[in-house]
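Look at the model, then read on.

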Amino acid sequence: MFLDTTFLKNDEIQLLLEKNVDGDEKRNWVPTYHFSICNLSGTKMGICDLRIGYNDNLYYGGHIGYTVFPEYRGNHYAGKACLLLFQLALKHNMDYLYITCNPDNYASRKTCEYAGGKLLEIVELPEGNDMRDNGELKKCIYKFTL
């Protein structure tokens, strides 16, 4: 199921695989790759993940998550990591991805725009959603056609 990821690099960053996590049907979780976002020298500048497959949870939670450490922000590293992850998603025959963020997370919204996402809607999270249970109420839903 999991593929080789050594090709996930460009002239500025590389994604180094930390671990793969199998899906869990009972929890409605899909298989996931977890990466470090590193410069070409191997300095870890953040993290990202890619969830493989489709289910209702991913509309709200997204296929890609990312965090760039504060000292490395402002260089589009999250957006550049997303562009690399799109290549891996294509190898899994995925046609589109969702990335979601909180409406007040302007940095993440800029990342989605940088990576070519289309804002579909700002939606209220449904009752029983894990993120809603943790206090989040709304999500921006961006779609990326691969």
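Which residue in S7 stands opposite Leu97? Phe144 does. The model is predicted: local features need pLDDT of at least 70, side-chain atom pairs count only at pLDDT 80 or more, and totals for chains, interfaces and linings use all residues. Residues are numbered from 1 along each chain as its sequence is written, and side-chain values use heavy atoms, without hydrogens and water.

**Strand pairing**
- Strands (E, at least two residues) and helices (H or I, at least four) are DSSP runs, numbered from the N terminus.
- Strands S5 (residues 96-101) and S7 (residues 138-145) run antiparallel and are joined by 6 bridges; pairing requires at least two DSSP bridges.
- S6 (residues 118-124) also pairs with S7, antiparallel, over 6 bridges.
- Glu121 has Ile141 in S7 as its bridge partner.

**Sheet layout**
- The 3 strands form an open antiparallel sheet, ordered S5-S7-S6.
- S5 and S6 are the edges; each has a single partner strand, so one side of each lacks a neighbour in the sheet.
- Neighbouring strands are turned by 25 degrees on average, direction ignored; axes are lines fitted to C-alpha atoms, for helices over the stretch in contact, with angles from 0 to 180 degrees between N-to-C directions.

**Helix on the sheet**
- Helix H3 (residues 106-114) packs on the sheet and touches S5, S6 and S7, contact meaning heavy atoms within 4.5 Å.
- The direction of H3 makes about 15 degrees with that of S7.
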